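Subject: Structure handover

Hello,

I am passing a structure on to you, with notes on what was found in it. Please have the sequence and the model open while you read.

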Amino acid sequence: GRDAEALDQGGVSGAAIESLAENFSDGVVAPVFWAALLGLPGLLVYKVINTADSMIGHKTERHLHFGWAAARLDDLLNLVPARLSGLIVCAASWLLPGADPVGAWRAMRRDARHHRSPNAGWPEAAFAGALGLAIAGPRVYHGERVDDHWMNDGGRPHAAAPSGRMGLRVFVRACWMV
């Protein structure tokens, strides 16, 4: 939903890292968590609700009254996996030269709860701290500016292409840990 036309190279890289972080939680950790906890039925229920949130859980006039249930259920089902995702990113950062595990931990502990999403802030802040970047912050969606808190406030203000590659390395290392 972000207006890509308004992004420079750093903005695109930062958005990619935010997406990578959130998808690590939603697409890797949460499905494994629910499958381990409740087996195939748990995995199926999680994926149905997560997909419904992706499709109709937007705060647009069209979906506001219909998608709220999917969005709230998705928030509930991701409470534990999102926090686990942040911890896994912190641990993966210990194993990756060039990543900052202490920065990941500090950013996650300080900034995650300030994200507009109750869950996305945990992996996003951990990724941002591990990479030494400030991500999230003010953004433009559908022509309207959304003032959100920075994840890893005080980090480098714009992501650069090498940070995107390092973000992928953190992601892959974290996936191996799951």
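Helices (H or I, at least four residues) and strands (E, at least two) are DSSP runs, and they are numbered from the N terminus. This is a predicted model, in which local features need pLDDT of at least 70 and side-chain atom pairs count only at pLDDT 80 or more, while totals for chains, interfaces and linings use all residues. Residues are numbered from 1 along each chain as its sequence is written, and side-chain values use heavy atoms, with hydrogens and water left out.

Confidence

The predictor's confidence in each residue is given as pLDDT, from 0 to 100. The chain has a mean pLDDT of 89, with 93% of its residues at 70 or more. Where pLDDT is low, the predicted coordinates should not be read in detail.

Helices α1 and α3

Two packed helices are described by the angle between their axes and the distance between the axes. Here the axes are lines fitted to C-alpha atoms, for helices over the stretch in contact, and angles run from 0 to 180 degrees between N-to-C directions. Helix α1 (residues 9-56) and helix α3 (residues 79-94) cross at roughly 110 degrees, and their axes come within 9 Å. α1 and α3 are therefore roughly perpendicular to each other (angles of 65 to 115 degrees count as roughly perpendicular, under 35 as roughly parallel, over 145 as roughly antiparallel, and the rest as oblique). Their crossing is right-handed; a crossing is right-handed if the near helix is turned clockwise from the far one by less than a right angle, and left-handed if anticlockwise.

On the α1 side, the contact (heavy atoms within 4.5 Å) is made by Phe24, Ser25, Val29, Ala30, Phe33 and Trp34. On the α3 side are Val80, Pro81, Ala82, Leu84, Ser85, Ile88 and Val89. By class, 11 residues in this contact of α1 with α3 are nonpolar, 2 are polar and none is charged. The classes are as follows: Ala, Val, Leu, Ile, Met, Phe, Trp, Tyr, Cys and Pro count as nonpolar, Asp, Glu, Lys and Arg as charged, and the others, Gly among them, as polar.

Two residues of α1

Ser25 is found in helix α1. Its relative accessibility is 2%, so Ser25 counts as buried (buried means under 20% relative accessible area, exposed over 50%, and partly exposed in between, with a 1.4 Å probe and protein chains only). Leaving out residues up to four places away in sequence, Ser25 touches Ala30, Pro31, Pro81, Ala82, Ser85 and Pro123.

Leu43 also lies in helix α1, but Leu43 is partly exposed, with a relative accessible area of 25%. With residues up to four places away in sequence not counted, Leu43 touches Pro31, Trp34 and Ala35.

Helices α3 and α4

The axes of α3 and helix α4 (residues 101-111) are 8 Å apart, and the two pack at an angle of about 160 degrees. That makes α3 roughly antiparallel to α4. The crossing of α3 and α4 is left-handed. From α3, the residues Gly86, Leu87, Cys90, Ser93 and Trp94 meet Pro101, Val102, Ala104, Trp105 and Met108 of α4. This contact of α3 with α4 has 8 nonpolar and 2 polar residues, and no charged ones.

Helix α5 (residues 121-131) is mostly covered, with 11 of its 11 residues buried. Among them are Trp122, Glu124, Phe127 and Leu131. Gly132 follows α5 and has a positive phi, near 70 degrees.

Val170 is found in helix α6 and is buried, at a relative accessible area of 1%. Val170 touches Val89, Ala92, Ser93, Leu96, Ala99, Phe127 and Leu131, not counting residues up to four places away in sequence. Val170 and Trp94 are 76 residues apart in sequence and 9.9 Å apart in space, C-alpha to C-alpha.

Most residues other than glycine have a negative phi. Ala136, in strand β1 (residues 135-136), has a positive phi near 70 degrees. Ala136 counts as buried, at 6% relative accessibility. Asn152 has a positive phi of about 65 degrees, although it is not a glycine. Asn152 sits in the loop between β4 (150-151) and α6 (161-177), and at 11% relative accessibility Asn152 counts as buried.

Regards
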